[in-house]
Amino acid sequence: MRRYGKHTDEDDIRIRPGRRGSRPRTSIRPKHEDAAPGFVLTVDRGRITCLVDGRTITAMKARELGRKGAVVGDRVAVVGDLSGARDTLARIVRVEERSSVLRRTADDNDPYERVVVANADQLAIVTALADPEPRPRLIDRCLVAAYDAGLEPLLVLTKSDLAPPDTLLETYAPLGVRHVVTDRDELADGAAADRVREFLWGRTTAFVGHSGVGKTTLVNALVPPDRRRATGHVNAVTGRGRHTTTSALALPLPGEVSFPPVPGGGWVIDTPGVRSFGLNHIDPSRVIHAFPDLEPGTDGCPRACGHDEPDCALDSWVADGHADPARLFSLRRLLATRERREGD
């Protein structure tokens, strides 16, 4: 049976491609040497908002990145339409090496790490002194995550008009954590924002905290008015805050237009309120680096020492007067949070 007519044309003849397709494959990938540097401001369902040359653009991850994703704070290389005009879309072709990564897991049994932010150098742990009540175990967990990531912690205590901060500050005094105390009146007149801002200049600071502690309200007081986010309230029945911030967002301090931040500017990264902070990914051997007065004493520790064992060398190191016993107690309290629930 004839498949074609008497007067066939070459366009009428179907040619079946080979098994490997008609296009030869190559392992050579473009280097994108002309890609523009960018800074990831937020990520929302696959769409990535970046700052490029002072303009805000929307981009998506290029296929060549594979499973490697971009998170808030990442420095990236971007190609495509960089005009920032409406309905334009660029591509992120490279994620630069990160200087720091703040991670957490859903709980202590969860093997999957979640990157919170990248390239931050400070972690502001925001805690209300009342309404809702402070949760020291959650603070401890955030401190452990900060030390593990190499971030300098900053304890921000809000609502001091409802309860005094003395007891909580006593708990963290041996750790030498910097702190700032604010109340609602100071937040309203701008005095609180001015004091907190002094700790943020020239830095990229990630803000974390339990829902309802006033974290986003404080962030809104720190940034220009056109960058402010929606806020919620504390439930009068449960005493819990409501999640109003659903995704992390990098916001500039007044005068900042570049990344990394210059000495006269800075960036704050507002993150969603947390009700748990899993530490399954934490290695105790990395946390000890945040205690330079105790670290030399670990030379005599057995291999893979958890620093809370009968044969831990830190006990004799402290007993010989090389370090303050309160510092060792604080270290072990922080490490012990990996075996506790936040509400305990």
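Visitor: Let's start with the largest cavity: which strand and which helix each supply at least two residues of its lining?
Guide: In this predicted model, the lining of the largest cavity takes at least two residues from strand 8, which covers 122-128, and at least two from helix 1, which covers 136-149.

Visitor: And which strand gives the most to that lining?
Guide: Strand 8 gives the most, and its share of the lining of the largest cavity comes to four residues.

Visitor: What volume does the largest cavity have, and which residues are closest to its centre?
Guide: The volume of the largest cavity is about 90 Å³. There are 13 residues in its lining, and those closest to the centre are Val126, Thr127, Leu138, Ile139 and His210.

Visitor: How many of the lining residues are nonpolar, polar or charged?
Guide: Sorted by class, the lining of the largest cavity is made of eight nonpolar residues, three polar residues and two charged residues.

Visitor: How many cavities of 30 Å³ or more does the structure hold?
Guide: The structure holds one cavity of 30 Å³ or more.

Visitor: Back to helix 1 for a moment: is it enclosed or open?
Guide: Helix 1 is largely enclosed by the rest of the structure, because 13 of its 14 residues are buried, where buried stands for a relative accessible area under 20%.

Visitor: What span should helix 1 have, and how far apart are its ends?
Guide: Counting 1.5 Å a residue, the 14 residues of helix 1 should span 20 Å, and this agrees with its end C-alpha atoms, which are 20 Å apart.

Visitor: What follows helix 1?
Guide: Gly150 follows helix 1, and the phi of Gly150 is positive, with a value near 80°.

Visitor: Changing topic, how are strand 4 and strand 5 paired?
Guide: Strand 4 and strand 5, the latter being residues 90-95, pair in the antiparallel sense over five bridges. Within that pairing, Gly80 stands opposite Ala90, and Ala77 stands opposite Arg94.

Visitor: How do side chains sit along a regular strand?
Guide: As a general point, the side chains in a regular strand alternate between the two faces of the sheet.

Visitor: Is helix 5 mostly covered or mostly open?
Guide: Helix 5, residues 215-222, is mostly covered, with six of its eight residues buried. The buried ones are Lys215, Thr216, Leu218, Val219, Asn220 and Leu222.

Visitor: How far is Asn280 from Asp107, in sequence and in space?
Guide: Asn280 and Asp107 are 173 residues apart in sequence, while in space they are 7.0 Å apart from C-alpha to C-alpha.

Visitor: Last one: how many helices and strands does the chain have?
Guide: The secondary structure of the chain comes to eight helices and 13 strands, and buried residues make up 45% of its 344 residues.

Technical notes: Residues are numbered from 1 along each chain as its sequence is written. This is a predicted model: local features need pLDDT of at least 70, side-chain atom pairs count only at pLDDT 80 or more; totals for chains, interfaces and linings use all residues. Side-chain values use heavy atoms; hydrogens and water are left out. On a 1 Å grid over the protein atoms alone, a cavity is a set of points where a 1.4 Å probe fits but cannot get out, and a pocket is an open set with protein on both sides within 12 Å along at least five of seven lines; lining residues have an atom within 4 Å of a point. Grid points are joined across faces, edges and corners, and a volume is the space filled by probe spheres set on the points. Ala, Val, Leu, Ile, Met, Phe, Trp, Tyr, Cys and Pro count as nonpolar, Asp, Glu, Lys and Arg as charged, and the others, Gly among them, as polar. Two strands pair if DSSP finds at least two bridges between them. Buried means under 20% relative accessible area, exposed over 50%, partly exposed in between (1.4 Å probe, protein chains only). The expected span of a helix is 1.5 Å times one less than its number of residues.
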